[in-house]
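Please look through the sequence and the model shown here before reading on.

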Amino acid sequence: MSSILKCAILMFVTISSVDCNAQRIVFLTHSVGSGLYKEGQIKEWFTKYNSDNGKDILIDRRSYPAEPYPWDNDPYDYWNNWLNGKCVNECFTHMLENYDIVIMKHCYTAAKIEEDINAPDITSNRKSLENYKLQYRAIRNLLDANPKTKFIVFTLTPRHRLRTNAAEADRAKQFAEWVKNEWLQEDGKKHDNIFIFDFWNLIAETDPTPENGAVNCIRYEYEKNHSSDNSHPNLLANETAAPIFARFILNTIESRESIPVAGISVTVTGEGAAIPTDKGTLQLNATITPGDASDNSVTWSVQNGTGEASISPSGLVSAISNGTVTARATANDGSGVYGTLDVIITNQSISVTGITVTAEGGATTITTNSMLQLHAEITPAGASDKSVAWSVENETGQARITPEGLLTAISAGDIIAKATSMDGSDISGILKIKIGNQLPTGIDPEMPEAASINISPSAITIEMNKNTPYERISIYTITGSPVLIHQIKTLNEIVGVDQLLPGIYILVLSGKGEILTKKMVLQ
């Protein structure tokens with residue numbers, strides 16, 4: 001299998017200190033880096049930047065380390081290639097000679113860190129904190145030896161919660177924090193040509209007790225699949241991280257003295273973090289500390305919780321459905337710092353998206369002069385207005401229908417019953433029904449019929465044989481309003497009707513696609 005299909009990246013960015021208008025960048029990537037590059041549209045981002053600013057920044061993407069070297073790109077593999085003489089293709093000196101920007105990021109597999117055994121060995125490919133640190137210190141010395149080149153080093157990529165455990169994930173966090181906070185400080189020297197891009201804090205879950213997901217794993221909303229252990233970041237993660245990374249590259253190219261963002265406070269314009277009006281909006285603001293941070297821009301995103309919303313690049317939240325959402329402002333300087341704010345959404349109108357029309361007992365045929373009760377099932381279940389308007393399209397047959405959905409057959413043939421939503425969404429559902437010829441008894445002789453139906457002022461007694469398909473008794477007024485629905489449980493069923501006023505009613509037996517209609521008079 002080609003290396004480009006493997007899941008790994010180690011990106012180093014080398015930048016020449018001369019002529020900032022002409023910069024050559026190489027991404028040394030496998031599948032995770034490919035996702036960031038393609039789905040994040042990094043090349044397109046720089047194409048637009050060049051056009052808008054008269055720059056000439058060229059980006060080339062490579063699979064690295066390339067075959068025949070194994071696809072692994074853990075700290076050991078870059079030490080092995082660049083310092084231990086095992087490089088086969090495009091070695092470190094080649095990168096320096098041919099590119100101004102070379103970028104360093106490991107695959108998520110590097111986050112599978114084992115427990116230390118108190119035997120650190122720079123030549124070992126065992127994934128442990130003690131070995132990683134030795135290899136990184138050696139890499140740091142190599143980068144220091146090339147002071148005319150600048151290097152950007154990514155922190156680790158967290159793994160999917162289903163592909164790791166708490167101890168392993170905690171060790172991955174420890175290494176990410178060590179690279180960010182100690183690697184360049186521990187020897188007391190300056191490393192002005194090395195910059196840290198904190199990818200870990202951009203996509204890792206930092207809440208120790210998150211509602212979804214797991215701490216020190218890839219954030220739940222950035223999982224490619226919630227039920228499998230695929231640790232590749234999803235489209236949302238790549239689209240969120242890519243522009244932040246691109247701006248970080250620009251800061252490095254332009255040799256800015258970087259003052260990182262230390263904190264972000266998210267506040268609202270107005271009173272209360274709530275949207276109480278239908279399709280309402282709420283403007284959010286991000287306050288950066290310190291005030292003189294080199295890059296005080298942020299990228300806005302929203303995590304849907306019990307509610308749903310969208311957010312604009314300027315921080316305007318637009319309500320979609322009731323509940324709570326979490327808005328997040330992430331620093332664009334690569335520090336990984338972010339601030340959040342929960343927004344409560346109420347009084348949203350939820351439109352109908354679908355209607356399914358069914359008939360009493362699942363019937364799709366009736367006889368002329370018979371009646372059939374129809375039902376409309378609305379989706380979603382939480383739709384604000386579930387009312388429907390009933391209508392009939394007469395094709396070869398003829399029928400009429402009441403506002404309550406009671407269909408009366410008039411002449412034989414096909415008709416279409418239709419239920420249309422009343423909430424303005426104009427959603428409808430239909431059911432095609434075949435009307436048979438009128439029978440003198442009102443009973444289809446091909447249907448197994450009840451043995452007898454006896455009606456008294458206080459009860460209806462129905463005696464049926466074991467082959468009778470009927471499962472429900474429904475009684476309607478002569479105008480089609482339902483007054484009683486009763487499930488049949490025995491072959492000798494007694495239904496009390498003493499609560500009904502004297503008059504003429506329609507008795508309907510239905511079940512298993514069959515229906516029998518009979519007029520009855522209560523004295």
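**Salt bridges**

Lys180 and Asp198 form a salt bridge in which the closest N and O atoms are 3.0 Å apart; a salt bridge is defined here as a side-chain nitrogen of Lys or Arg within 4 Å of a carboxyl oxygen of Asp or Glu. Because Lys180 lies in helix H6 (residues 166-181) and Asp198 in the loop between strand S6 (194-197) and helix H7 (199-203), the pair ties together parts that are 18 residues apart in sequence. Helices (H or I, at least four residues) and strands (E, at least two) are DSSP runs, numbered from the N terminus.

The model is a predicted one, in which local features need pLDDT of at least 70 and side-chain atom pairs count only at pLDDT 80 or more, whereas totals for chains, interfaces and linings use all residues. Residues are numbered from 1 along each chain as its sequence is written, and side-chain values use heavy atoms, with hydrogens and water left out.

A search of the whole structure finds 18 salt bridges. One of them brings together the side chains of Asp414 and Lys434, with 3.0 Å from N to O. Asp414 belongs to strand S21 (residues 413-421) and Lys434 to strand S22 (residues 428-436), so this pair ties together parts that are 20 residues apart in sequence. Of these two partners, Asp414 is buried, with a relative accessible area of 18%, and Lys434 is partly exposed, with a relative accessible area of 46%. Salt bridges that share partners also join Arg137, Arg140, Glu186 and Asp187 into one network. A further salt bridge links the side chains of Arg62 and Asp60 at 3.2 Å, N to O; Arg62 is partly exposed, with a relative accessible area of 26%, and Asp60 likewise counts as partly exposed, at 26% relative accessibility.

**The second largest pocket**

How is the second largest pocket lined, and what is its volume? Its volume is about 430 Å³, and of the 19 residues that line this pocket, the closest to its centre are Asp207, Glu211, Gln303, Thr326 and Asp342. Two or more lining residues come from each of strand S10 (298-304), strand S13 (323-331) and strand S14 (338-345), and S13 gives the most, with four residues. On a 1 Å grid over the protein atoms alone, a pocket is an open set of points where a 1.4 Å probe fits, with protein on both sides within 12 Å along at least five of seven lines, and lining residues have an atom within 4 Å of a point. Grid points are joined across faces, edges and corners, and a volume is the space filled by probe spheres set on the points. The lining divides into four nonpolar, nine polar and six charged residues, where Ala, Val, Leu, Ile, Met, Phe, Trp, Tyr, Cys and Pro count as nonpolar, Asp, Glu, Lys and Arg as charged, and the others, Gly among them, as polar.

**Loops and backbone details**

Ser124 has its place in the loop between strand S4 (101-104) and helix H5 (129-144), and it is buried, with a relative accessible area of 17%. A polar atom of the Ser124 side chain lies 3.0 Å from the backbone nitrogen of Arg126. Leaving aside neighbours within four places in sequence, Ser124 is in contact (heavy atoms within 4.5 Å) with Tyr76, Asn131 and Gln135. Asn118 lies in the loop between S4 and H5; although Asn118 is not a glycine, it has a positive phi of about 60°, and at 73% relative accessibility it counts as exposed.

Asp426, in the loop between S21 and S22, is not a glycine either, and it has a positive phi of about 65°. Asp426 is exposed, with a relative accessible area of 63%.

Tyr64 and Pro65 are joined by one, with omega of about -10°, and Pro65 sits in the loop between strand S3 (56-63) and helix H3 (75-82). Another joins Thr289 and Pro290, with omega of about 0°, and Pro290 is placed in the loop between strand S9 (281-289) and S10.

Terms used
Buried means under 20% relative accessible area, exposed over 50%, partly exposed in between (1.4 Å probe, protein chains only). A polar contact is a pair of N or O atoms within 3.5 Å; within protein, one must be able to donate a hydrogen and the other to accept it, and residues adjacent in sequence count only if both atoms are side-chain atoms.
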